[in-house]
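Try each task before reading its solution.

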Amino acid sequence: MISPETAKIILDQKTYELPIVEGTAGDKAVDISKLRSQTGYITLDEGFANTGSCKSSITYINGEKGILCYRGIPIEVLAENSTFIETAYLIIYGELPTRKQMSAFSQKVLRNASLHEGMMHFFDGGFPFTAHPMAILSSLLNSVGCYYPNMVTNHREQDLEHFDDAAALLLSKVRTIAAMAYRMKNGLPLIYPKRDLGYSQNFLHMMFTEPYHEYYPHDDITKALDLILLLHADHEQNCSTSTVRMVASSGANLFASVSAGVCALWGPLHGGANQQVIQMLEEIYRSGDDGSAFVEAAKQGKRRLMGFGHRLYKTYDPRAKILRAAADKVLKIVKVKDPLLDIAQRLEDMARSDDYFISRNLYPNVDFYSGIILKAIGMPTDMFTVIFAIGRMPGWIAHWREVASQVKGRISRPRQVYVGAPIRDYVKMRYREGEIPSDWESDDHKSLGGGSSENASAKA
Ligand code: CMC
C-alpha cells in the first residue's frame, strides 16, 4: 500500500518527492519507478542487495530477526506439523488445503509421475554418463512441456487455464526425472513411484531400489528428506526465483521458466552450495587439516566457508536451526561414523567463536546441514542440488503464477551504468596511425569475395 509519507531526494539542486510503499509486515520501500523519467537518474545496486523487484504475497523473510513465513505461517510451525506436499499446496494456492483438496492434489501429483516413452531416449544414451543431474533436470523439465502443447502456449491466459494440471505435473515429474537421472548414471533400470508411498518416501524408493532389493526408507529418514524439501520450498526473491520471474515476465510458459530456475540454482553460491559443503569437507580431510587452516584461508578472503553466510539472514537462518536438530536425529539413526561430519562440527564451532564470522553475521546456513543430512543418508553429492530443486519447485510455480496473473505486468528489464569505451569513430579506429588503408584487408572481406582492398571498400 502507498504510505502517506514520502522520501525526498535532491539531485542537481532540485528536490524530488518519491512515494513510499509499505508491505503488510511493515517493510518500507522507496518507489523509484518514475525517478528516471523525472530526473534522468537511475539507481545503481549491483547484486540487487537493496532493490525490491516486485510486490509478492508468497513468502515473508525478516533476516535481522530470523523470521521466515510461507503465506503468513512461520516455517517452524510448518516444519513441526505439515508435509512437503501440503506446504507445496499452501505456497501455490495461498491457503492450506481441506482434507478433500489435499487428497485430490496428492492423487494428481501421484498420477502424473510417469514420463512419456519418447522421453526415455534421453536416458538411453541421450546424455553422457558424466552429465551432471542438474543439466539433465533443467533440459528435461523444459522438454517435458513439449508433450503438453496446451500448457506451453506462451500465451498467458491459455497457460493459466491449465495451471492446476501443469503445477501438479511438474511437482510429480521433477521427482521422477531426478530419480531417473541418478538411475541412468548408475546403470540401474528405471522405475516409477508406488501408489501407497508418500512423496518423499517414493523418491527415496525410486532412488535406491535395486533389482533384487526394494528399498523402503526408515520413517525418520523419510521425515528428514521431507523436511529438507519443505524448508527449501520458497525463499522469496533469491537468484533462481528471480530468474523464474524474469523469464516469466517475457510471457514464457511455466516449464521454460522453471527450467531456467534450475540453471540459476546450480551455481555454487546458491543451490550448489550444499554439494560444495561436502567437497570442502573432503578437501579439508584429504589435506590432514583439522579445519583451522581452511578457516584461516576463509578469513584472508582466499577461500569461502561453504554453507556459511546468507545475503538476508544476519542471525541464524531459521531453516538451519530446524535442520541442525534433524541432522542430530538422522546421525543417531544411521549411526555413521564419518570423519567429514566431525570436521563439519569443528568448523561450526570455530566459525561461531571467531570474531571474523561473528562480526559479519556469518552463521551456518540451510545448505550446511542439508549437506550433512543428505551425506548421512547416502545421497550422492551431485544429487544434493537436485533435491534443493525438487524442494524449490512449489515456490517457482507460485512465483510464475504471480507474474503471469498480473494484468498490467511489465517485462523485467533492469538498466545499467555503462562504463565501456566512449562513442568512437569506426574509420579512425580501423585506420590507426601507421596503418595504410589501401594495404588493409581482413579475412572476413576475403571470404566475402572482396579480393582487393578496392572491392572491400566498395562492399563496405
Ligand atoms: N566464508 C568467508 N567469508 C564470507 C563468507 C563465507 N562463506 N560469506 C561472506 N563472507 C564475507 C565476505 O568476504 C565479506 O567480507 P568483507 O566484508 O571483509 O569483504 C562479507 O562476509 C560479506 O559477504 P558478501 O559476499 O558481501 O555477502 P553476500 O550477501 O554477497 O553473499 C553468500 C552471500 C551466501 C553468497 C555468501 O555468504 C557465500 O558465498 N556463502 C557461501 C556459499 C553458500 O553457502 N551459499 C548458500 C546460501 S544459502 C542458500 C540459498 O538461500 O541460496
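**Exercise 1. Classify Val417: buried, partly exposed or exposed?**

Step 1. Take the cut-offs: buried is under 20% relative accessible area, exposed is over 50%, and partly exposed lies in between (1.4 Å probe, protein chains only).
Step 2. Val417 has 45% relative accessibility, so Val417 counts as partly exposed.
Step 3. Locate Val417: it sits in the loop between α19 and α20 (426–430). Helices here are DSSP runs (H or I, at least four residues), numbered from the N terminus.

A note on the source: this is a predicted model, where local features need pLDDT of at least 70, side-chain atom pairs count only at pLDDT 80 or more, and totals for chains, interfaces and linings use all residues. Residues are numbered from 1 along each chain as its sequence is written, and side-chain values use heavy atoms, leaving out hydrogens and water.

**Exercise 2. Check the span of helix α13 and find what its buried residues pack against.**

Step 1. Helix α13 covers residues 273–287, which is 15 residues.
Step 2. The expected span is 1.5 Å times one less than the number of residues. For α13 that is 21 Å, and the reach from first C-alpha to last is close to it, at 21 Å.
Step 3. List buried residues of α13; among them are Val277, Ile278, Leu281 and Ile284.
Step 4. The buried residues of α13 pack against α14 (292–299), α16 (339–353), α18 (366–376) and α19 (384–404). Contact means heavy atoms within 4.5 Å.
Step 5. Look just past α13: Gly288 has a positive phi of about 80°.

**Exercise 3. Which residues does Phe203 touch?**

Step 1. Leave out residues up to four places away in sequence.
Step 2. The partners of Phe203 are Arg175, Ala178, Ala179, Leu225, Met379, Met383, Ile387 and Ile390.

Methods: Helices (H or I, at least four residues) and strands (E, at least two) are DSSP runs, numbered from the N terminus.
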